[in-house]
Amino acid sequence: MDVSKYLDIAIAPKFLFDSLPERAERVRFWVPKPGAGTNLEAYAKVTYGEFAAEVKAVAGFLADVLAPGDRASIFAPNRVEWASAALGIQAVGGVIVPAYPASTPAQLGYVLSHSDAKVVFVDTPALLAKLFEAWPLCTHVSHVVLLDGALDASRVLDKMRADQKPTPGDDVLAKIVPFPEVVRLGDAWHEAHPGAFEARMNAVDVDAPGMMLYTSGTSGNPKGVPLSHRNVGTNGRDWLELNGPLVPENAVDVLWLPMSHIFGFGEMNLGNILGMTSYMSDPAGCIALVPVVKPHVFMSVPSHWEKLAAPAMKEQDPATQKARLLECTGGRLSFCLSGGAGLSRDVKEFYHRAGILIVEGYGLTETSPTLTLNRFDAFRFDSVGKVLPSTNVKLADDGEILAKGPNVFKGYHKDPAATAEAFTEDGWFKTGDVGRFTEDGFLQIVDRKKDILVTAGGKNVPPANIELRFQGDPRFLHVVVYGDGKKYLVCGVWLNDAVVDAELSHVAPADRRAAREALVQAKVDEVNRDLASYESLKAFVIVDTPLTVESELLTASLKVRRKKVVEAFKHQFESLYDRPAPPKKAAEAGSTGA
């Protein structure tokens with residue numbers, strides 16, 4: 001596709017409305033009805049014109065509620081109304097504050113309080129209950145919009161009270177506005193103010209914040225990251241210039257990535273810019289939908305790419321592998337992006353042999369988000385790509401990746417101390433990641449700077465380098481390496497019980513624990529074979545207590561809070577050192593003493 005006409009920096013709603021004359025009747029979203037699954041006849045269409053009308057109605061409702069720069073939060077799973085709310089907020093100069101659906105009430109309350117959010121868009125009884133539980137912290141909220149008009153706030157309150165949970169008083173119901181009422185009031189505002197919407201949208205400053213994302217962090221409260229329209233727009237322009245030509249006209253995608261993450265929100269906006277049609281889905285249903293929809297574009301995470309490839313990887317003949325992979329992916333993929341974590345090189349090469357290129361990049365929320373990207377004409381599967389045209393990246397003396405450019409944020413919300421800590425004296429943003437450049441200019445990530453372990457022998461060991469070696473194995477949910485200041489390294493293991501129990505179904509119950517230990521030991525031995533002696537894992541413990549968001553051992557985006565996990569299970573990690581030290585020869589050979 002020729003993307004040259006989409007390279008101007010503008011606020012996201014502008015792209016939708018500027019292209020409306022030619023796209024009004026085209027389908028923007030296909031939305032599954034309850035129980036639709038892969039039956040495409042049970043999907044309802046939403047045209048570009050209908051979507052734009054909904055965005056405009058939200059903007060009309062918010063016109064007298066939000067002043068430019070005011071913040072409004074969205075706390076909901078993906079749905080078309082999520083996107084309508086987001087673009088409506090931005091169209092009146094407001095700032096979107098997405099809240100992760102996995103957030104606990106305390107985490108949600110912190111985000112709403114710290115951001116001074118005036119409006120909250122919410123969906124599902126469970127999330128509305130979390131909002132009500134967090135209500136004492138929502139001191140600035142004047143309106144709560146229910147994205148599903150059938151959601152009954154009174155019933156949610158009654159159930160919470162029956163369960164003896166803390167709830168706000170009934171006066172909270174006066175702030176509730178169902179989405180159909182938002183549309184009605186917004187349309188009435190436009191009738192009373194002809195031309196005001198376009199004038200206000202066109203007056204939004206591209207250097208003003210358009211969204212504020214809260215980093216999930218591995219310790220402490222999350223930090224608010226305001227991103228301007230220019231920050232995000234610059235990053236989008238680079239992306240379009242480098243990979244836009246791979247996206248065909250009238251492309252189809254399966255949109256399942258949560259729009260509360262910048263990855264998913266970016267995909268939705270990319271669809272608006274390039275005129276794509278998106279089939280709405282979710283993490284559980286998107287894999288089955290791909291071979292049915294036959295998308296041209298699929299953006300996903302490593303586990304999904306692995307699941308799509310699994311049937312083909314079981315085949316022995318290369319030609320059969322390719323045919324099976326094309327069948328599983330629909331046969332029309334032209335642009336594929338993997339993010340969230342590193343995808344196994346073996347998986348990327350498997351797709352590539354079948355003519356499907358999966359690209360990866362690297363970035364952070366603070367960089368809007370991408371700093372480097374592989375692209376169709378320049379890629380290395382052992383890297384996260386080359387630096388984007390509009391960005392400057394260099395390495396500090398200790399290898400930390402530093403960034404500067406129009407896509408880099410200006411500073412954390414209400415946190416000057418953290419802002420000062422995040423930048424060098426001459427204005428380079430400190431990513432906290434350690435990297436190296438290849439001889440041909442590709443960036444490789446070595447580790448998180450702050451997570452480097454120093455053994456008693458003075459060896460610096462990046463634990464993520466070891467933990468990532470377990471990531472492609474579906475039997476392992478989490479592996480956390482331990483050993484700062486110790487003579488050798490050990491780890492805690494959290495198994496995927498469903499997968500492991502199925503694999504060991506033939507084992508007698510009395511022997512099941514030993515079989516699980518043997519399974520983990522075999523994997524640890526395999527990992528150790530590729531590690532230096534001082535990096536190898538000498539012992540492990542299988543931990544049965546799950547890591548969850550509610551226990552604050554996982555972030556809202558499901559990353560391990562390393563420090564909290566170490567604190568919570570320190571006695572189990574330390575107990576591994578009560579055993580006799582592994583023999584030196586075995587340690588040097590990479591064996592373990594579990």
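Two strands are taken to pair if DSSP finds at least two bridges between them, and helices (H or I, at least four residues) and strands (E, at least two) are DSSP runs numbered from the N terminus. The structure is a predicted model, in which local features need pLDDT of at least 70 and side-chain atom pairs count only at pLDDT 80 or more, while totals for chains, interfaces and linings use all residues. Residues are numbered from 1 along each chain as its sequence is written, and side-chain values use heavy atoms, with hydrogens and water left out.

A handy place to begin is a sheet. Strands E23, E24 and E25 form an open, mixed sheet in the order E23-E24-E25. E23 (476-482) and E25 (537-542) each have a single partner strand, so one side of each edge strand lacks a neighbour in the sheet. Neighbouring strands are turned by 25° against each other on average, direction ignored; axes here are lines fitted to C-alpha atoms, for helices over the stretch in contact, with angles from 0 to 180 degrees between N-to-C directions. E24 (residues 489-495) pairs with E25 in the parallel sense through five bridges, and Gly-492 has Val-541 of E25 as its bridge partner. Helix H19 (residues 512-528) lies across E23, E24 and E25 and runs at about 145° to E25.

Turning to burial, Cys-491 has a relative accessible area of 0% and is therefore buried (under 20% relative accessible area; exposed is over 50%, partly exposed in between; 1.4 Å probe, protein chains only). Cys-138 also counts as buried, at 4% relative accessibility. The structure holds zero disulfides (pairs of cysteine sulfur atoms within 2.5 Å).

Definitions and conventions. Contact means heavy atoms within 4.5 Å.
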